[in-house]
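Please read it beside the sequence and the coordinates.

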Amino acid sequence: MGTPLLERFVGEARDLLQAAASALLVLEKQATDEAAINDVFRSVHTLKGSVGLFDFPAFTKLVHAGEDVLSAVRDGKLGLTSDLVDVLLDVLDQVGAWVDDIDGTGALAQGADGISKEMTARLRTALPADYGAAQASPVAAHAGDLTRVDWLGAIPEAERLSAFRAAMIGADLQAIEYVPLDDCFFSGEDPFILFRQLADLHSLVVEPTEPWPSMEALDPYRCVLRFRALAAAPPVEIETLFRYVVEQMRIAPISPHALVSVTGGASGSPVYGDFVDQARPLVLAGDWSALKRAVGALLQLTAPALLSASALRWLEAVLTAPAPDKGWVNALIDCIAEGEEDLHPLEPRTPPSADIPNLAAPIPTALGGLSPTAARILQSQRTILGLSLPAAGLASRLDSVARTVENFLASEGLGAAESTAWSAAVDAAMVEGDCAPAIDLLDQWLLVGGDSTEAVIAAVMMAGGDLPRSRPEAGEHLGHEIKQASRILKVDQAKVDALMNLIGELVVSKNSLPFLAKRADEVHGSREMSREIKELHAVIDRLAQEMQSAIMAVRMLPVSEVFDRFPRLVRDVARKLDKHIDLVIEGGDTAADKNIIESLGDPLLHIVRNAIDHGIETAAEREAVSKPTQATVWLRAFQESDQVVIEVVDDGRGIDPEKIKASALAKGVIDEDRAARLSDQEAVNLVLIPGFSTAAKVSDLSGRGVGMDVVVTGVEKAGGSVTVTSKTGEGTTVRLSLPLSMAVTRVMVVEAGGGMLFGIPMDHIVETVRVHRDNVRRFKQAEAFVLRDAVVPLIRLDHLLGEQSQVWFGDGSEEDAVLVVRVGGNMVGLMVDNFREGMDIILKPFDGILSCIQGYSGSALLGDGRVLLVLNLKELL
Amino acid sequence: MASTIFVVDDSVTILMSMETILKKAGFTVAKAVSGEDAVAELEGGLKPGLIITDIHMPRMSGIELIRKIRGMSGFQFVPILVVSTESQQAKRDEARAAKATGWLVKPVQPDDLLKVVKQILPNG
Amino acid sequence: MPFTFAKSTATADESCTVEDALSLLEFLLANPGAKVDLGPCATLHTAVLQVLLAVKPKIIALPREAFLRRWLSPALAPPVKRGSK
């Protein structure tokens, strides 16, 4: 198992899968149940989000496809048929299996990619053909106004110069105009802070968009500012930075020459004429370093405010380029020669428009603007895909091309639309086992060039539609259901168990205090000390008990933990047998100890399968006896004193006592004599006897040669009991009764076998009596005594345990200690040497080599260090 | 002063991963597993420098949570980011209309998260 | 309190938050001609900047922090007022 994060994910994924499956079943019954639609969608959606944190692409893709289908269902574009539910349940099962893999090995099982592709394709075929298209369209344009950048001239020359110099050494200049919404502060925005993140900011002007009001009228929280900036950052970086406010900002690439303006006072000094004469030949010769020196020297002599100084500064800046533009150099030298202001000395004849496109418009990343090299890369990938190769090689070839193109898109700084389109095309190609979708997309890019957006959308539609799409948020307003969410702490069970063990030890240590008190009195002769110890014991005893019940409450789980799997099971089994069954679950929030809940799973599974398989008639049979064709199975849980009761009730054909008797006779379970004497209820009880099965034929559902006795064994192991009642033609009720908790067992300690101590679970004990020896009746080997008009068989515990009976002392007037217990509905008197106290113990079942010893439930440690063996009366008697 | 970042998500996996990333970057992190919990925390005096909430949550959705927070005194200016797997315009628009500051796209990549967070809390 | 208001001077703290815009404005309204010392300021919320731009109090010290100093000086230090029209 991997990181704590992965562990957390596994737990969460299981919960989500369970929730999704339950909601799906509700949905199948009631297709318009909006809450259920949202539940299942949200579960799968959340799962997709969580798995995305890890590198399980097969998992992610499948869940994503599932989400798309559910989204279509939610949007009413897709009806939820039983077949579709089957597919979705299969998907959930597969994902569940992967979660198990992840839990076990930290990775998906081999072949996950193939399974994922196959199932993804199955899901995608369910989507309406036009679904992707209909969803893809809202990507649509929000064409913004185009604004001229008319404010460059207003930027101080020094700032323009620094930007210009940056451009000369290759920087990408952008003009940014950002006018935040006037209520932007109330969205948590801080517009100014954004500019701090801009890598290479050359100019930033903050101005009001309207004249400032008087101080008194100023609303400090209404933003009326406009930001204009010049930055040497790639547009992608700026877009990323401003992505939340793209509607409020514009950006335009700035040609360096647009920054240049030559202004200042005229100067008639002849020195400039000399400079011009000296400079022209240097330009012709391309001797830039000599020109640089001349410019530098003259700048030193020129007053900064003069026009020629301005021209010289620009000239110097132009010359910082590795290969200065001769046209620009000449133009600036002309300025010096003419001595006139020129706001656009470097403007080409047809000035490129410095219009600012709105960023909210579709991202105009034209693939057409690629360099020859880049185009060649795409072309070569296209060629590779076009080569014919055996089908087996397709996946790996597609894979490598896919990666190359992804890297290419990333390195070219292309938008998300292209890479989404590309991965969609690759997925489609994988699914179809044909490179065509990918080839087509590459072709479009290579040929269409220019405005790629339409082409990309077209390609995506063709590829099956995998663009991110809008999902209207239905049912987010479950107003009536708003309740304070409980704060739930997820704790590893081992930690709770550790706590439980500690408390167990505390209870044991506490139990030693009475012994100590006794010693204080008897050995040390201090009655007072003894009393104090007893008082202390009472306090610790109370605290320990409270602690115990608190920790037991932590271990309590709702029965729904087990019940939740039944809707799915009933549905599947019913479909298989072509029976119509409505499952009604009641009391799912009844809680019991985790161990009890877990021990319920298998027995219940068996009972419910039995009910559906044997109990419920086919629709035709039901119709013949004028019952509704739709049968009902109830799964009920409730608490009855300190027991949790689970009932499985069906309205099927019931158990026919005569059939049972006949079957039992045939199998030799009972003889004819006994059969004749059996009451109907007793006959029904026969189904609980090991090896008994009434199935006419062995179906693959429940008749695997194991009958209800498996249920009985399982439930009794957890300290519970099973009863079956039935009315022919009306239905059957199976009732499981289990203790709420099996962490602490209350036992009565008895002495037997000459001073040995044994624990007997309190829930078996009816009463303790002392029986006069004269009142013990003997029938052959058996003994019995009369307890309030009932004859109760008497068994000596010593005999049961294979111990020698104590020799009788005294005469018939002696009394014997008899524990009256109820085992399996029968009363039995257990003769013991002596009764001792009742106590709470933490029962530790035998393990290892001891676990095969019959007759004992386990052992417990006593306060004085002795081991108490706890008897399992059912096995003993 | 280290700013507290308050992360709200119904997925404990997501919460844990965000917490790890943010803590590693030196931020203090507070968490809530539902909108109702989040409101309770804020009413209880939590004063985060940034709130990051999932959009899809049972009962109170992320968008409802934002509306609620914006209506609480002392929180009208706090930056709020929404997290959703939908990289779609409609969802963002709805969140922005509810006065969210921005959004993150699930699965949130650590680099992205830190980039955006540092943009909003440059000296957190 | 990120601004310390004393007599006729408001001194900024390291971080001036959006909430401070209102208190700064109220202080400037109550003390016409009051001065502002931005020296310690390292982050300045736009709302505070807007108050400074609108009210134009006398700034006795620009932030020592480089970014703010660089980009606030043209806007807040009137002697070389340029770059706007």
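1. Conventions. This is a predicted model, in which local features need pLDDT of at least 70 and side-chain atom pairs count only at pLDDT 80 or more, while totals for chains, interfaces and linings use all residues. Residues are numbered from 1 along each chain as its sequence is written, chains are lettered from A and ligands numbered from 1 in the order in which they are written, and side-chain values use heavy atoms, with hydrogens and water left out.

2. Extent of the interface of chain A and chain B. The contact (heavy atoms within 4.5 Å) takes 49 residues from chain A and 50 residues from chain B. Between them the two chains bury about 4,300 Å², with 55% of it on carbon and sulfur atoms. Buried area here is the accessible area (1.4 Å probe) that two parts lose on being put together, summed over both.

3. Polar pairs across that interface. Chain A and chain B have 13 residue pairs in polar contact, both residues at pLDDT 80 or more. A polar contact is a pair of N or O atoms within 3.5 Å; within protein, one must be able to donate a hydrogen and the other to accept it, and residues adjacent in sequence count only if both atoms are side-chain atoms.

4. Make-up of the chain A side. The elements of chain A that give two or more residues to the side touching chain B are α1 (4–29), α2 (34–51), α3 (57–74), α8 (191–196) and α9 (235–241). Of these, α2(A) gives the most, with 7 residues. Helices (H or I, at least four residues) and strands (E, at least two) are DSSP runs, numbered from the N terminus. By class, this side of chain A has 18 nonpolar, 13 polar and 18 charged residues. Ala, Val, Leu, Ile, Met, Phe, Trp, Tyr, Cys and Pro count as nonpolar, Asp, Glu, Lys and Arg as charged, and the others, Gly among them, as polar.

5. Chain B. This chain has 5 helices and 5 strands, and along the sequence they follow the pattern β-α-β-α-β-α-β-α-β-α. Of its 124 residues, 66% count as buried; buried means under 20% relative accessible area, exposed over 50%, and partly exposed in between (1.4 Å probe, protein chains only). Among the contacts in chain B with a separation of 6 or more, 63% come from residues 24 or more positions apart.

6. Salt bridges in total. Side chains of opposite charge can pair when their charged atoms come close. Over all chains, the structure holds 46 salt bridges, each being a side-chain nitrogen of Lys or Arg within 4 Å of a carboxyl oxygen of Asp or Glu.

7. Arg222(A) and Asp182(A). This salt bridge has its closest N and O atoms 3.6 Å apart. Arg222(A) lies in the loop between β3 (201–208) and β4 (225–232) of chain A and Asp182(A) in the loop between β2 (173–178) and α8 of chain A, so the pair ties together parts that are 40 residues apart in sequence. Arg222(A) is partly exposed at 34% relative accessibility, and Asp182(A) is partly exposed at 37%.

8. Glu189(A) and Arg96(B). This pair crosses between chains, from the loop between β2 and α8 of chain A to helix α4 (residues 89–97) of chain B. The N to O distance in the salt bridge is 2.7 Å, and both Glu189(A) and Arg96(B) are buried. Across the interface of chain A and chain B, the rule finds 3 salt bridges.

9. Arg653(A) and Glu621(A). The closest N and O atoms of this salt bridge are 3.5 Å apart. Arg653(A) sits in the loop between β11 (643–650) and α25 (657–667) of chain A and Glu621(A) in helix α24 (residues 619–624) of chain A, so the pair ties together parts 32 residues apart in sequence. Arg653(A) is partly exposed, at 30%, as is Glu621(A), at 36%.

10. Cysteines. How many disulfides are there over all chains? The count is 0, a disulfide being a pair of cysteine sulfur atoms within 2.5 Å. The sulfur of Cys184(A) is 4.1 Å from the closest cysteine sulfur, in Cys223(A), which is too far for a bond. Cys184(A) is buried, with a relative accessible area of 0%.
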